[in-house]
Amino acid sequence: MSSIDRSQSVGGTRTYEVRTYGCQMNVHDSERLSGLLEDAGYVRAPEGADGDADVVVFNTCAVRENADNKLYGNLGHLAPKKASRPGMQIAVGGCLAQKDRDTIVKRAPWVDVVFGTHNIGKLPVLLERARVQEEAQVEIAESLEAFPSTLPTRRESAYAAWVSISVGCNNTCTFCIVPALRGKEKDRRPGDILAEVEALVAEGVSEITLLGQNVNAYGSDIGDREAFSKLLRACGNIEGLERVRFTSPHPRDFTDDVITAMAETPNAMPQLHMPLQSGSDPVLKAMRRSYRQERYLGIIEKVRAAIPHAAITTDIIVGFPGETEEDFEQTLHVVREARFAQAFTFQYSKRPGTPAAEMENQIPKAVVQERYERLVALQEEISWDENKKQVGRTLELMVAEGEGRKDGATHRLSGRAPDNRLVHFTKPEQEVRPGDVVTVEITYAAPHHLLAEGAVLDVRRTRAGDAWEKRNTAEQAKPAGVLLGLPKIGVPEPQPAVASGCGCD
C-alpha cells in the first residue's frame with residue numbers, strides 16, 4: 001500500500017497536515033487549526049507525510065524576505081501530487097495570506113482555500129464549501145471574529161501549553177508589517193485567561209507560556225496599566241501550575257511592577273526574553289522603538305538586582321538602513337553590558353509594505369554580513385561564559401522529549417532548567433517521562449547547552465508526566481490505519497530563530 005493509500009485507509013477518514021512558519025503566535029494558531037480540523041472529523045497524517053495528506057494547510061509568515069517565494073515553491077511541489085489525487089485540498093492562511101489575499105490563487109490556482117489571521121475558525125467550513133462548489137474560496141476578515149482561545153485545540157505538548165492573553169499590536173516599528181496584518185491589540189479578560197490556565201492544569205499541564213504580540217502591554221485595551229503584573233501574580237496562586245513564562249515583552253512597557261511580580265511569584269521562571277533590536281539611539285529612533293539604550297540597560301540592571309540568576313535573551317537586527325559603524329559598535333556595547341544568555345540575531349532584510357523597505361541608505365550585503373559575523377562571535381563567547389557559571393549548580397529540570405537530537409546515541413535525556421537553559425543529563429535507572437522533574441548537578445557547559453554527566457540526584461514523578469503517559473498510551477492504542485501520529489512533546493520553543501515575536505516585539 002502506498003503512502004497515499006495509507007492516508008485514506010480508514011473508512012474514508014480524511015487526513016490533514018499543518019505546516020507552520022514564523023513566530024510563536026503562528027505556532028499557537030496552528031494548534032488551533034489542528035484542533036478545528038480534528039473537531040471536524042479529520043485525523044492527523046503521520047510524521048513525514050510530506051504532502052501525502054488529504055488536506056495540507058500552510059500557516060504562513062510575512063516577516064521574512066522571500067517568504068512568498070518559499071510559499072510558492074512549496075505550493076508548486078504539491079501541484080503534481082494534487083493533480084494525481086482527486087479530493088486533495090490545499091489551504092493557505094496566516095500573515096502572508098492576509099497580505100497577499102488577491103494574488104495567491106492567481107499564482108497558484110490549485111489552492112482551494114485562502115483565509116486570514118482573523119478568521120482561522122472558518123477553515124473547516126471553507127474547505128467544505130470549496131469541495132462542494134468545486135472552486136477556490138478566499139475569505140479574509142478585516143478584524144478578529146472570535147478570540148483564538150475559544151476555538152478547539154490540538155496541543156503539541158501534554159505538559160506545556162501556550163495561553164494567548166492578547167492578539168494584535170499597537171506599535172508602529174518601521175521594519176515590521178505584523179500590526180497591519182494582525183490588527184490593533186485586543187486583550188482577553190483576565191478571568192477568561194485564568195479559567196483557561198486552570199483548565200489546562202486540570203488536564204495535567206504544569207507549565208504555561210503567556211503569549212502576546214506585545215505581551216506586557218496587556219491591559220492597554222482594558223484600561224489597567226498593571227494588568228500584566230496582576231495576571232502573573234494570579235497565575236502564582238493556581239495550585240499545580242509549576243512554571244509560568246511569557247513572550248515577548250517590549251522594553252517600552254516593561255514597568256517596575258512587572259519586575260517585582262516576577263521576583264515575588266514563586267512559579268514565575270527566572271527567564272526574560274527582551275528584544276533589543278539595536279543598541280544605537282539613532283537607529284532605535286529610525287525603527288520607532290520608543291526606548292533608548294539607557295532605558296534598555298536600566299531594565300536589565302533592575303531585573304538582575306531583583307532576580308540574580310535570571311537568564312536574559314534578546315533579538316537583534318544587524319544592518320538596518322542607515323546603520324553606521326558607530327551605530328553597530330553601540331549594539332556591541334549593549335551586548336557586552338547586558339551579558340545575554342543567548343541572542344537571536346538577524347540580518348536586516350526588506351519586508352515589502354514596511355516603511356524601512358523604502359528608506360535610503362540601505363546597507364550593502366557584504367557590510368551587513370561582516371557585522372553580523374562579529375556580533376555572532378561576540379555573543380557566542382558571552383553565551384559560553386554565562387553557561388560556564390552554571391557548572392556546579394544543582395538544578396531542577398522539567399524533562400522534555402525531542403529537545404536532544406543526540407540523546408539516543410549518548411544515552412542521555414534532556415530537560416529545561418527554570419531559566420529555560422537546555423540541559424542534557426544521564427539517563428537514570430528509574431523511569432522518567434516528559435513532564436517529570438529531575439534534580440541534577442551541572443558538570444559541563446557549551447555555548448548553547450549544559451551537561452549533567454553524573455547520576456541524577458532525584459526524580460519526581462508529576463501529574464504532567466502522568467498526562468504525557470496517558471496521551472502517549474492513547475495514541476499508541478489507536479488502530480494503525482487512523483494514523484494520528486505521535487505528537488512532538490516538549491516545552492513550547494521559546495523563541496524560534498526564524499522570526500522571534502513576528503518582529504514587532
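In an unreviewed entry, UniProt lists C169, C173 and C176 under "binding site".

C169 lies in the loop that runs between β8 (166-167) and α7 (178-182). C173 is found in the loop between β8 and α7 as well. C169 counts as buried because its relative accessibility is 2%, and buried means under 20%. C173, with a relative accessible area of 3%, is therefore buried too. When neighbours within four places in sequence are set aside, C173 is in contact with M287, R288 and R289.

The largest nonpolar core comprises 66 residues, of which F175, I208, L210, F228, L232, F246 and F254 touch the most other members. Among the partners of F228, not counting residues up to four places away in sequence, are L210 and F246, together with I165, V215, N216, Y218 and V258. A second, separate core contains 23 residues, including V92, L96, V114 and I140. In soluble globular proteins, nonpolar side chains tend to be buried together.

Confidence along the chain remains to be considered. The mean pLDDT of the chain is 87, and 89% of its residues reach 70 or more. Over residues 1-11, however, pLDDT stays under 50, and the model has 18 contacts beyond four places in sequence for this segment. Residues 479-504 also stay under 50 in pLDDT, with 104 contacts beyond four places in sequence in the model. Where pLDDT is low, the predicted coordinates should not be read in detail.

Notes: Residues numbered from 1 in each chain as written. Predicted model: local features only at pLDDT ≥ 70, side-chain atom pairs only at ≥ 80, totals over all residues. Heavy atoms only, no water. UniProt positions renumbered as here; feature names shortened; annotations may be inferred. Helix = DSSP H or I, 4+ residues; strand = E, 2+ residues; numbered from the N terminus. Buried < 20%, exposed > 50% of the residue type's maximum accessible area, 1.4 Å probe, protein only. Contact = heavy atoms within 4.5 Å. pLDDT = per-residue confidence, 0-100. Core = buried A, V, L, I, M, F, W, Y, C linked by side-chain atoms within 4.5 Å.
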